Amino acid sequence: MGEHHPPYSGFEGQGIHENMVGPLTEFVNAARAAGFQAYCSVIYRNYEFLESHYLSFRLNIATDAVDAANRMLGPGLSEHQTGLAVDFTDDYNHNTFYDIFEDDYMKDTDLYRWLVENCADYGFVLRYPEGKEAFYGVACNHPAHFRYVGKEAAKYMTEHDLCLEEFIMLYDASKVYLPQP
């Protein structure tokens, strides 16, 4: 059940989809060259970790199963399992694989603004932009969560103000499950 893993490589000690190594390296290096402390707090997370983390959240933090489902994606649903998503931080202490922390402050940083402004040049999009909740549902507790989609798709999505679900719906609306209110 949890045995599927993406084509695997590494980036600064973390697991990563092999197709994202070059673009992420360029993106992080550009942020650092622009004067920012840019680190990847989370890239790849395997099914087993996600299952354990979700169950712990469900039992210890969420008020019930509905609350858990509304606040966190379970195993098999997290983009981190693909190795194509990355959460950025400016705190070296969270530059690690499988770290758990709240980084809501990131959206108020110059690094975050630089990442959002420049991500498409490296093939990334801000995965959960504000105002698009009707398409993706669960609010992301890591605002600096980016998804690798390739340069062409990222530029199109950015120019047309599309989140990933809207972009996929341009090709096949049946591939997107819109959240129900």
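I took helices (H or I, at least four residues) and strands (E, at least two) as DSSP runs, numbered from the N terminus. This is a predicted model, so I kept local features only at pLDDT of at least 70 and side-chain atom pairs only at pLDDT 80 or more, while totals for chains, interfaces and linings use all residues. Residues are numbered from 1 along each chain as its sequence is written, and side-chain values use heavy atoms, without hydrogens and water.

**Entry 1: backbone**

I looked up phi. Most residues other than glycine have a negative phi. I found E12 with a positive phi of about 45°, although E12 is not a glycine. I placed E12 in the loop between β1 (8-11) and β2 (14-17). I sorted accessibility as buried (under 20% relative accessible area), exposed (over 50%) or partly exposed (in between), with a 1.4 Å probe and protein chains only. E12 has 40% relative accessibility, so I logged E12 as partly exposed.

D161 sits in the loop between α6 (151-159) and α7 (164-169). At 55% relative accessibility, I logged D161 as exposed.

**Entry 2: α1 and α4**

I checked how α1 (residues 21-33) packs on α4 (residues 110-118): the angle is about 135° and the axes are 11 Å apart. For axes I used lines fitted to C-alpha atoms, for helices over the stretch in contact, with angles from 0 to 180 degrees between N-to-C directions. The angle makes α1 oblique to α4. Under 35 degrees would be roughly parallel, over 145 roughly antiparallel and 65 to 115 roughly perpendicular; the rest is oblique.

I then listed the contact (heavy atoms within 4.5 Å). α1 brings F27, A30 and A31, and α4 brings L111, W114, L115 and N118.

**Entry 3: cores**

I defined a nonpolar core as a set of buried Ala, Val, Leu, Ile, Met, Phe, Trp, Tyr and Cys residues joined through side-chain atoms within 4.5 Å. The largest core has 26 residues, and M20, L24, V86, F88, F124 and F146 touch the most other members. At least two residues each come from α1, β4 (85-89), α4, β5 (124-126) and β6 (145-148). α1 gives the most, with five residues.

Leaving out residues up to four places away in sequence, F146 touches L84, A85, V86, F88, L115, V116, C119, F124, V125, L126 and R127. I also logged a second, separate core of seven residues, including A120, A153, L164 and F167.
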